[in-house]
Amino acid sequence: MRAEEKARLWLNASNIDEESKKQIENLLNNSDELEESFQIDLEFGTGGLRGLMGIGTNRMNKYTVGMATQGFSNYLKKEFDGDISVAIAHDSRNNSRLFAEAAAAVFSANGIKVYLFEELRPTPELSFAIRHLGCQAGVVLTASHNPKEYNGYKAYWSDGGQLVPPHDKSVIDEVKRINSIDEINFNSNTDLIESIGEEIDNAYLEMISGLSLSPDAIKSNSELKIVFSSIHGTGITMVPRALEKIGFTNVHTVKEQSVPDGNFPTVVYPNPEENEAMAIALSEATKIDADLVMATDPDADRVGIAVKNSKGDFQLLNGNQTGSLLVYYLLEKWNEKGMKGNEYIGKTIVTTELIRDIANSFNTTCYDTLTGFKWIANLIKQKEGKEVFIGGGEESYGYMIGESVRDKDAVASCAIIAEMAAWAKEQDLSVFDLLLKVYERYGVYYEELKSITKKGLKGAEEIKKMMSDFRSNPPKTLGGSEVTAVIDYLDEVKNKTDDKKAAVSFPKSNVLQYLTKDGTKVSIRPSGTEPKIKFYFSVMSKLEGGDFYKTEEKLKNKIHNLLNDLNL
């Protein structure tokens, strides 16, 4: 069906409101915008919908949220007998509350009990709430760290993890069966909608407090100088409370960024991976000579940190570095108390192999999963009752500790990162000193991510062609080292195993990896949530003469050569 036909179907629907009608009429006079807005439909990526806000089938709006929720409702009623309940949360983005209430209306209209958070809350608390309340599913309205023009709809199953096969595709199949927005039941049943808040907050904070492994270190270093920014997002609701609950008393919240605001007025992108988003926090840290800087993205599932390096400057650690430090700290503490041998770490295939090396040194299994935290959650579900998940994460600044939450959890991560800093301080080490200690023991791993944005329908075709070209013409050498393996995850792939690397079968996924003789790993994949193709580079070297900066520079040059080899 052509974009104009789809637009006119919406225009003539009885469910459409007057403001939306006006927007559609305007689009009918703008062919390019009409094509972008109506030619294709938003589809579930890594757990749900995500897109630009606006009117149209390819935009985030009340109606696409309604169609997704109607389809989700239909599927839930097929999968479960008896009473069904869902939990709904939202972030600080423009329209997130509106979309959350629209979803609540549709679920309740379909006879499904809804627990709706009274106001914005972190995504990981939604995952916790699903499990705590015994819900069959959940939804959070967020576009994570995307620009302000975006919003999204992340769908969760009863285990608290985002949808994985067969559920994700089955929900979309149900959505595709809806031929008109008039098939969405927006007739809210308010008797089925229950507001939740403080009771879940307290249970969530109690769970996080139970993750603490070094209470004595916190007690000795309760005055650790911490700067925290929520970057206008949901982190402000829980992170300061979590830090206070486990014993930290000297937390400086960045006031300019503490007010939730979907326009993210102090940053270009609300992404704690970026120096620009961390600039105000870093300025505050310099003023007070902070020990630790932490910032969360709008839905508080990712956390970026900065610490003073050996030159006395504040340095942002990347997601691989923070994840490696967390895993090292967790395994040190678990090893102290004694492990049973059935514990494990989880990471994604594009995340640093340093985490595996650390796990191996503690005789602990490290499992790989596909990219996306839903796969780590699925791993935990598969291993539940047989093996114990200690923690893990992914390179994109998302970490999870323990099994009570089944998604990236920046709130719990902030608490344990701060505890790790206190534990290091007990040993007269800064967090950066601890990182150097890890590098001395395991070697310096250096990673870079290069993302190429290709917007719109034309961009999607260009990304498809790039993946096809890399598949059909893999390089023979990279960075002067022979390519020893090409792994295509669209084929049935099974990990080669050794003593510490258990075999994991992967569902088919549009990911390519090149492995070289010198240990270099290059991974290529289209993003599941953004119009991007991503290249993940990982190189390593022994710490040369104890000089971290010299070793790092050498590895940076190596990645520069890899970029040239791939014509990027």
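The model I am looking at is a predicted one.

Strand S7 (residues 226–229) and S8 run parallel and are joined by three bridges. I noted that phenylalanine 228 stands opposite threonine 253 in S8.

**Two helices**

I turned to helix H8 (residues 198–209) and helix H10 (residues 235–245), whose axes come within 10 Å and cross at roughly 45°. The crossing of H8 and H10 is right-handed.

I listed the residues that make the contact. From H8 they are Glu198, Asp201, Asn202, Tyr204, Leu205, Glu206, Ile208 and Ser209. From H10 they are Met238, Arg241, Ala242 and Lys245. Sorted by class, the contact of H8 with H10 has five nonpolar, two polar and five charged residues.

**Backbone exceptions**

I reminded myself of the background: most residues other than glycine have a negative phi, and most peptide bonds are trans. I looked for places that depart from this.

Which two residues are joined by a cis peptide bond? They are proline 165 and proline 166, with omega at about 5°. I located proline 166 in the loop between strand S5 (150–157) and helix H7 (167–176).

Isoleucine 231 is not a glycine, yet its phi is positive, near 45°. I placed isoleucine 231 in the loop between S7 and H10. Is isoleucine 231 buried or exposed? I recorded isoleucine 231 as buried, because its relative accessible area is 0%.

Tyrosine 397 also is not a glycine and has a positive phi, of about 70°. I found tyrosine 397 in the loop between strand S14 (388–394) and strand S15 (398–401). The relative accessible area of tyrosine 397 is 8%, so I recorded tyrosine 397 as buried; the cut-off is under 20%.

**A parallel pair, S2 and S3**

I checked how covered strand S3 (residues 113–117) is. Four of its five residues are buried, and I noted S3 as mostly covered. Strand S2 (residues 85–90) pairs with S3 in the parallel sense, over four bridges. In this pair, serine 85 stands opposite lysine 113 in S3.

Last, I looked up glutamate 43. I found glutamate 43 in the loop between helix H3 (31–38) and strand S1 (48–52). What does glutamate 43 touch, not counting residues up to four places away in sequence? I listed Gly48, Leu49, Ile172 and Lys176. I also looked up glutamate 43 and leucine 449, which are 406 residues apart along the chain. Their C-alpha atoms are separated by 25 Å.

Conventions:
Residues numbered from 1 in each chain as written. Predicted model: local features only at pLDDT ≥ 70, side-chain atom pairs only at ≥ 80, totals over all residues. Heavy atoms only, no water. Axes fitted to C-alpha atoms, helices over the stretch in contact; angles between N-to-C directions. Left-handed = near helix turned anticlockwise from the far one by under 90°. Contact = heavy atoms within 4.5 Å. Nonpolar A, V, L, I, M, F, W, Y, C, P; charged D, E, K, R; others polar. Pairing = 2+ DSSP bridges. Buried < 20%, exposed > 50% of the residue type's maximum accessible area, 1.4 Å probe, protein only.
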